[in-house]
Amino acid sequence: ATRNFGYGFSEYGVNSLFGSAEISYKGYLYVTATARNDWFSVLNDDVDNEILYPSVGASFVFSDAMNSLPSWLSFGKLRATWAQVGNVGALGPYNTAILYSLGQTHIGRPTGSFSGSGVPNLALEPALSEEIEFGVDLRFLENRIGLDFKFRTFGLILKMSQNVLSNIHQRLSSIIHRILHLFYNAFFLE
């Protein structure tokens, strides 16, 4: 009887650095900014294996800023956000490396072979997605009725190397989604 043994080991990591700052003006105008940098071990060190993605958000609570509002309007806020996020998706450890494995024996000697389905792309970069959001939050009749309206557009920007040697990149594809949200709530009983 022939016995087959196998052993597999894989490991990857992401190192990150994150920072944020928030500024408020008189309790009704807010600006928040963040920045995150990730280093991915699954990408080639000779190419850009890191990505920096920022975000900026602002909100204006006009019900606190204005002195004269209709009595039926309890709260009102406008907001806008822009953000980027990066990831390596389903890229696993060693997908950017040429791997070798031992195969069947031939005349009593083990044979070696390349593992995988082809030559890996050493110029892979992290994918970048971007989101923009605008919104309005309104509450009426002493916060008994609320409407939250927002418009989001987000997309995935994929890059692919034209030439591994010169490391020239082009935008391969952009997938854009646009979504309109309308949330409402009502509380009539206390």
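## Strands, partners and rings

Ser55 lies in strand β3, and that is where we will set off. Helices (H or I, at least four residues) and strands (E, at least two) are DSSP runs, numbered from the N terminus. The model is a predicted one, in which local features need pLDDT of at least 70 and side-chain atom pairs count only at pLDDT 80 or more, while totals for chains, interfaces and linings use all residues. Residues are numbered from 1 along each chain as its sequence is written, and side-chain values use heavy atoms, with hydrogens and water left out.

**Exercise 1. Find out whether Ser55 is buried or exposed, and what its surroundings are.**

Step 1: Start with the cut-offs: buried means under 20% relative accessible area, exposed over 50%, and partly exposed in between (1.4 Å probe, protein chains only).
Step 2: Ser55 has a relative accessibility of 16%, so this residue counts as buried.
Step 3: Next, look for contacts, meaning heavy atoms within 4.5 Å. Leaving aside residues up to four places away in sequence, Ser55 touches Thr32, Ala33, Thr34, Trp82 and Ala83.
Step 4: With Thr34, the side chain of Ser55 makes a polar contact of 2.3 Å. A polar contact is a pair of N or O atoms within 3.5 Å; within protein, one must be able to donate a hydrogen and the other to accept it, and residues adjacent in sequence count only if both atoms are side-chain atoms.

**Exercise 2. Sort the residues of β3 into a covered face and an uncovered one.**

Step 1: In β3, the covered face holds Ile51, Tyr53, Ser55, Gly57 and Ser59.
Step 2: The uncovered face of β3 holds Glu50, Leu52, Pro54, Val56, Ala58 and Phe60.

**Exercise 3. Trace which strands pair with β3 and β4, and in which sense.**

Step 1: Two strands pair if DSSP finds at least two bridges between them.
Step 2: β2 and β3 run antiparallel and are joined by eleven bridges; in one of these, Val31 has Ala58 of β3 as its partner.
Step 3: Strand β3 (residues 50-60) also pairs with β4 in the antiparallel sense, over six bridges. Here Val56 stands opposite Trp82, and Phe60 has Leu78 of β4 as its bridge partner.
Step 4: β4 goes on to pair with strand β7 (residues 127-140), again antiparallel, over 14 bridges.

**Exercise 4. Describe where Gln84 sits and what it touches.**

Step 1: Gln84 belongs to strand β4 (residues 73-87).
Step 2: The relative accessibility of Gln84 is 15%, so Gln84 counts as buried.
Step 3: Apart from residues up to four places away in sequence, Gln84 touches Leu52, Tyr53, Pro54, Leu128, Ser129 and Glu130.

**Exercise 5. How many aromatic pairs does the structure hold? Work through two of them.**

Step 1: Rings of Phe, Tyr and Trp (its six-membered ring) pair if their centres lie within 6.5 Å; planes under 30 degrees apart count as stacked, over 60 as edge-to-face and the rest as tilted.
Step 2: The structure holds four such pairs. In one of them, the rings of Tyr28 and Phe60 have centres 6.0 Å apart and planes at 75°, so the pair is edge-to-face.
Step 3: Tyr28 lies in the loop between β1 (14-25) and β2 (29-40), and Phe60 in strand β3, so the pair ties together parts that are 32 residues apart in sequence. Tyr28 is buried at 18%, whereas Phe60 is partly exposed at 27%.
Step 4: Trp72 and Phe140 form a stacked pair, 5.8 Å centre to centre with 25° between the planes. Trp72 lies in the loop between α1 (62-65) and β4, and Phe140 in strand β7, so this pair ties together parts that are 68 residues apart in sequence. Trp72 is partly exposed at 46% relative accessibility, while Phe140 is buried at 16%.
Step 5: Ring pairs also link Tyr25, Tyr28, Phe60 and Phe62 into a cluster.

**Exercise 6. Step back and say how many helices and strands the protein chain has.**

Step 1: The protein chain has one helix and nine strands.
Step 2: Along the sequence, their pattern is β-β-β-α-β-β-β-β-β-β.
Step 3: Of its 190 residues, 24% count as buried.
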